[in-house]
Amino acid sequence: METKMTDTVSTVDSLAFEKPTVEDGADMWELVKNSTLDLNSSYKYIMMCEFFAKTCVVAKEKGELVGFVTAFIPPEKRDTVFVWQVGVDSSQRGKGLASRLLNELVERTACEDVKYLEATVTPSNEPSQALFKKLARTHNTNCEVSECFAEDLFPGEGHEAELTFRIGPFDK
């Protein structure tokens with residue numbers, strides 16, 4: 001496996017891992033629209049690329065977006081990066097891309113002071129739960145799970161509770 005690194009792009013095999021640009025926002029939205037993930041507004045993806053590019057990662061194969069992670073460092077928790085969403089194109093599923101995206105995020109310069117990664121996951125989302133538990137194992141650290149948002153907080157019917165997965169501390 002060949003790896004090449006620069007300040008903003010790392011290339012592994014045929015995949016380039018980059019900081020997103022606002023032009024990537026529409027492709028992120030399209031990827032989610034064509035998946036089972038919760039679709040946010042197109043504005044959300046463009047906004048994440050503009051204001052949180054240092055803590056977001058896109059994966060491209062031959063210039064085409066095939067995966068992404070959107071994340072930010074909460075002002076109240078400067079030692080934590082919060083992962084909002086991980087998206088992987090169906091052509092890349094089962095290849096470990098989601099794990100590679102999270103590892104790329106944790107290794108970013110913007111995350112040099114980050115000791116923890118947090119994300120919320122519904123109880124029925126077993127693939128995401130496995131992803132975050134694997135991240136903890138890969139980094140030989142803890143994965144603590146606690147309730148974040150109870151089901152009754154969500155309007156209407158059909159939204160499960162959200163559990164917080166807290167991975168860390170990372171040894172950097």
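Within the largest nonpolar core, which has 31 residues, the members that touch the most others are Val83, Leu102, Leu105, Leu117 and Phe132. A nonpolar core here is a set of buried Ala, Val, Leu, Ile, Met, Phe, Trp, Tyr and Cys residues joined through side-chain atoms within 4.5 Å; buried stands for under 20% relative accessible area, exposed for over 50%, and partly exposed for in between (1.4 Å probe, protein chains only). At least two residues of this core come from each of β3 (15-18), β4 (57-61), β5 (64-72), β6 (80-88), α3 (97-107), β7 (116-121), α4 (126-138) and β9, and α3 gives the largest share, six residues. Helices (H or I, at least four residues) and strands (E, at least two) are DSSP runs, numbered from the N terminus.

The model is a predicted one, so local features need pLDDT of at least 70 and side-chain atom pairs count only at pLDDT 80 or more, while totals for chains, interfaces and linings use all residues. Residues are numbered from 1 along each chain as its sequence is written, and side-chain values use heavy atoms, with hydrogens and water left out.

Leu105 makes contact (heavy atoms within 4.5 Å) with Thr55, Val57, Val69, Ala71, Val81, Val83, Cys111 and Leu117, leaving aside neighbours within four places in sequence. A second, separate core has eight residues, among them Leu31, Val32, Cys49 and Val58. As a general point, nonpolar side chains in soluble globular proteins tend to be buried together.

Now for α4. This helix has 13 residues and runs 18 Å from its first C-alpha to its last, close to the expected 18 Å (1.5 Å times one less than its number of residues). Gln129, Leu131, Phe132, Leu135 and Ala136 are its buried residues. They sit on the same side of α4 because they cover an arc of only 160 degrees around the axis, the arc being that of the directions from the helix axis to the C-beta atoms. This buried set packs against β6, α3, β7, β8 and β9. On the face turned away from the buried side, α4 carries the exposed residues Glu126, Pro127 and Arg137. At the start of the helix, a side-chain oxygen of Asn125 comes to within 3.0 Å of the backbone nitrogen of Ser128. Just after α4, Asn140 adopts a positive phi of about 50 degrees.

As for the cysteines, the structure holds zero disulfides (pairs of cysteine sulfur atoms within 2.5 Å). Cys49 is in none, and the nearest cysteine sulfur, on Cys56, lies 6.4 Å away. With a relative accessible area of 4%, Cys49 is buried. Cys148 is likewise in no disulfide, with the nearest cysteine sulfur, that of Cys143, 14 Å away; at 31% relative accessibility, Cys148 is partly exposed.

Cys148 turns up again around Thr164, a residue of strand β9, which touches Glu118, Ala119, Thr120, Glu144, Val145, Ser146 and Cys148, not counting residues up to four places away in sequence. Thr164 counts as buried because its relative accessibility is 12%.

Finally, His159 lies in the loop between β8 (142-149) and β9 (162-168) and is partly exposed, at 26% relative accessibility. Apart from neighbours within four places in sequence, His159 is in contact with Asp38, Thr122, Glu151 and Phe154. Thr122 is 37 residues from His159 along the chain, yet their C-alpha atoms are separated by 8.6 Å.

Terms used. Polar contact = N/O pair within 3.5 Å; in protein donor to acceptor, adjacent residues only side chain to side chain.
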